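Work through the exercises below with the sequence and the 3D view side by side. Try each task before reading its solution.

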Amino acid sequence: MAKTALITGATSGIGAACARKFAGAGYRVIITGRREGQLAVMAEELERNYGVEVLPLCFDVRDREAVKRTLDGLPAAWRDIDVLINNAGLALGLEPEYAGDFTDWETMIDTNVKGLLYMTRLVVPGMVERLRGHVINIGSVAGDAAYAGGAVYCATKAAVKILSDGLRIDLAHTPVRVTNLKPGLVETNFSNVRFHGDTERASNVYKGIQPLTGDDIADVALYAAQAPAHVQIAEVLILATHQANGSTICRQ
Ligand code: NDP
Ligand code: 8X3
């Protein structure tokens with residue numbers, strides 16, 4: 001039977017690219033996000049292009065009860081999740097830490113940290129029971145060091161690194177693997193969201209440099225998932241060629 005991958009935030013960007021990449025490799029995919037219409041469009045595209053089974057699930061990863069209700073209510077045929085890609089996440093704002101917006105902070109922490117934890121807590125026990133599974137967290141270069149105006153976002157991605165490391169330690173006695181992928185600049189809807197819909201400001205983020213694409217990250221996720229069972233790709237930093245770290249970007 002084909003393996004099953006659950007991808008959070010599969011309605012856009014890196015998550016959508018992972019859904020396509022894993023479906024293309026023959027995985028059945030559970031795609032999640034908050035936008036029901038977009039999930040339906042993705043599901044139809046994946047079924048049509050790759051001929052795989054798709055289960056779209058609409059919920060907000062910040063809503064612990066909704067996450068639990070949805071995962072507890074998974075149809076029997078979809079319960080055995082082989083790969084969990086904790087991708088749903090966002091940055092909001094680029095203000096100095098002493099001037100940031102409380103609501104933006106709470107949204108980032110609730111989504112990037114608490115949402116990832118809810119998913120992990122509810123999916124991983126089944127993996128341990130079945131002695132099979134892989135958690136791929138989408139961290140960031142932003143988790144390696146702070147950059148100007150990014151402190152809270154960077155802190156959430158530093159948390160993703162530590163939560164990945166902790167989970168790997170707690171699962172070391174099992175065959176379940178944990179990977180933390182740390183992309184640099186990837187051109188997606190990320191900056192539009194960060195700048196609250198200011199598309200001009202968002203497009204400037206990718207000016208003068210060839211950024212990564214969602215596909216570039218999905219390639220690495222699939223590689224990690226398909227590595228032989230004794231190989232655990234623990235962490236990968238993926239940068240555009242002209243980016244050296246979170247704050248060193250060489251623009252032409
Ligand atoms: P996008 O904005 O294109 O995609 C974000 C996805 O997350 C969407 O599918 C969105 O779905 C989903 N999402 C956001 N909030 C929630 C929520 N509360 N509940 C459920 N789903 C949610 O951005 P990216 O693809 O770039 O971002 C994906 C991940 O990659 C994030 O964790 C981001 O931090 C990380 N990342 C991005 C980088 C970049 O440069 N783009 C670099 C490094 C890491 P919907 O709106 O339907 O809910
Ligand atoms: C997203 C990459 O550098 O914009 O995590 O924070 S960055």
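**Exercise 1: The surroundings of Arg-20**

Apart from neighbours within four places in sequence, Arg-20 is in contact with Met-42, Glu-45, Leu-46 and Tyr-50. The model is a predicted one.

Task: State which helix holds Arg-20, and decide whether Arg-20 is buried, partly exposed or exposed.

Solution. Begin with the secondary structure, where Arg-20 is found in helix α1. Next take the relative accessible area of Arg-20, which is 30%. Buried means under 20% and exposed means over 50%, with partly exposed in between, so Arg-20 is partly exposed.

**Exercise 2: Following helix α4**

Task: Describe helix α4 from its start to the residue just after it, giving its span, its bend and the phi of Leu-131.

Solution. At the start of α4, a side-chain oxygen of Asp-101 comes to within 3.0 Å of the backbone nitrogen of Thr-103. The helix covers residues 102–130, which makes 29 residues, and its first and last C-alpha atoms are 41 Å apart, close to the 42 Å expected at 1.5 Å a residue. Along the way, α4 bends by about 30 degrees at Lys-114. Just after the helix comes Leu-131, with a positive phi of about 55 degrees. Leu-131 belongs to the loop between α4 and β5, and because its relative accessibility is 56%, Leu-131 counts as exposed.

Task: Where is His-196, and is His-196 buried or exposed?

Solution. His-196 sits in the loop between α6 (190–194) and α7 (199–204). Its phi is positive, about 50 degrees, although His-196 is not a glycine. Since its relative accessibility is 55%, His-196 counts as exposed.

**Exercise 3: The nonpolar cores**

Task: Which residues of the largest nonpolar core touch the most other members, and which element gives the most to this core?

Solution. The largest nonpolar core has 40 residues, and those that touch the most other members are Phe-22, Val-29, Ile-31 and Ile-136. Two or more residues come from each of β1 (4–7), α1 (13–24), β2 (28–33), α2 (36–50), β4 (83–86), β5 (134–138) and α8 (214–226). Of these, α1 gives the most, with seven residues. To see one member closely, take Val-29, whose contacts beyond four places in sequence include Ala-5, Ile-7, Phe-22, Leu-55 and Trp-78. A second, separate core of 23 residues has Leu-55 and Trp-78 among its members, along with Leu-57 and Leu-171.

**Exercise 4: The two ligands**

Task: Which residues surround ligand 2, and which residues come nearest to ligand 1?

Solution. Ligand 2 is surrounded by Ser-140, Ala-142, Tyr-147, Tyr-153, Gly-184, Phe-190 and Arg-194. A polar side-chain atom of Ser-140 is 2.5 Å from an oxygen atom of this ligand, and a distance of 2.5 Å to an oxygen atom of ligand 2 is also found for Tyr-147 and for Tyr-153.

Turning to ligand 1, there are 30 residues around it, of which Thr-11, Ser-12, Arg-34, Tyr-153 and Thr-188 come nearest. The side chain of Ser-12 has an N or O atom 2.5 Å from an oxygen atom of ligand 1. For nitrogen atoms of ligand 1, the distance is 2.8 Å to a polar side-chain atom of Asp-60 and 3.5 Å to an N or O atom in the side chain of Arg-62.

Methods. Residues are numbered from 1 along each chain as its sequence is written. Chains are lettered from A and ligands numbered from 1 in the order in which they are written. This is a predicted model: local features need pLDDT of at least 70, side-chain atom pairs count only at pLDDT 80 or more; totals for chains, interfaces and linings use all residues. Side-chain values use heavy atoms; hydrogens and water are left out. Helices (H or I, at least four residues) and strands (E, at least two) are DSSP runs, numbered from the N terminus. The expected span of a helix is 1.5 Å times one less than its number of residues. The bend at a residue is the angle between axes fitted to the seven residues ending there and the seven starting there. A polar contact is a pair of N or O atoms within 3.5 Å; within protein, one must be able to donate a hydrogen and the other to accept it, and residues adjacent in sequence count only if both atoms are side-chain atoms. A nonpolar core is a set of buried Ala, Val, Leu, Ile, Met, Phe, Trp, Tyr and Cys residues joined through side-chain atoms within 4.5 Å. Buried means under 20% relative accessible area, exposed over 50%, partly exposed in between (1.4 Å probe, protein chains only). Contact means heavy atoms within 4.5 Å. A residue is near a molecule or strand if one of its heavy atoms lies within 4 Å of it.
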